[in-house]
Amino acid sequence: MKTISRLNELLSLDSETGVFTWKSKRGSGSNAGDVAGKITKYGYVSIKIDQVDYFAHRLVWLIEHGSFPSLKIDHINRIKDDNRWINLRE
C-alpha cells in the first residue's frame, strides 16, 4: 500500500471493535458499510486492497502509528480476529 490516505479512502475502522468496513461499493461482492475482509485458515482477518492482501491487524497498526510495524504483531488475548488497538502489540 502506497499511502495511509489510500487506506482511509477505502475503509473505515471502528476503533472500539477493530472491525473495518468499506466506504463504498467494491466490485460485485461488497457494498458500502459491509465488513471488509475474510478470516484466513489461520484465523486472521485478511483484506484485499488494490489486488494485495493485508492482515487487518497490520492495517490497524498503520492507522495508529502512521507506518507498518517493523516486527510481527501479537494479539494479547490470543484471539486472532480481535483487532482492537488495545489488543495489539509489536
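Among contacts (heavy atoms within 4.5 Å) between residues at least 6 apart in sequence, 34% join residues at least 24 apart. The model is predicted, so local features need pLDDT of at least 70, side-chain atom pairs count only at pLDDT 80 or more, and totals for chains, interfaces and linings use all residues. Residues are numbered from 1 along each chain as its sequence is written, and side-chain values use heavy atoms, with hydrogens and water left out.

The protein holds 2 helices and 7 strands. Helices (H or I, at least four residues) and strands (E, at least two) are DSSP runs, numbered from the N terminus. Along the sequence, their order is α-β-β-β-β-β-α-β-β. The radius of gyration is 12 Å, close to the 12 Å that the globule rule gives for 90 residues, so the protein is as compact as a globular protein of that length. This radius is taken over C-alpha atoms, and the rule is 2.2 Å times the number of residues to the power 0.38. Along the principal axes, the C-alpha atoms fill a box of roughly 35 × 25 × 25 Å.

The accessible surface comes to about 5,700 Å². Carbon and sulfur atoms account for 50% of this surface. Such areas come from the Shrake-Rupley method with a 1.4 Å probe; for residues, only the protein chains shown count as cover. Of the 90 residues, 29% count as buried. Buried means under 20% relative accessible area, exposed over 50%, and partly exposed in between (1.4 Å probe, protein chains only).

In soluble globular proteins, nonpolar side chains tend to be buried together. Here the largest nonpolar core has 17 residues. Such a core is a set of buried Ala, Val, Leu, Ile, Met, Phe, Trp, Tyr and Cys residues joined through side-chain atoms within 4.5 Å. The residues with the most contacts inside this core are L11, F20, I47, I49 and L59. Helix α1 (4-10), strand β2 (19-22), strand β4 (45-49) and helix α2 each supply at least two of its residues. The most come from α2, which gives 5.

Helix α2 spans residues 56-65. Its buried residues are A56, H57, L59, V60, W61 and L62. G66 follows the helix, with a positive phi near 85 degrees.

F20 sits in strand β2. It is buried, with a relative accessible area of 2%. Leaving out residues up to four places away in sequence, F20 touches L11, S12, L13, D34, V35, A36, I47, A56, L59, V60 and I63. F20 and L10 are 10 residues apart in sequence, and their C-alpha atoms are 9.8 Å apart in space.

Two loops were then examined. D50 lies in the loop between β4 and β5 (52-55). Its phi is near 50 degrees, a positive value in a residue other than glycine. D50 is partly exposed, at 42% relative accessibility.

The loop between β6 and β7 contains R78. R78 is not a glycine, yet its phi is positive, at about 70 degrees. R78 is exposed, with a relative accessible area of 59%. D81 also lies between β6 (74-75) and β7 (88-89). D81 is partly exposed, at 41% relative accessible area. Residues up to four places away in sequence aside, D81 touches I39, G43 and V45. D81 and I49 are 32 residues apart in sequence and 18 Å apart in space, C-alpha to C-alpha.
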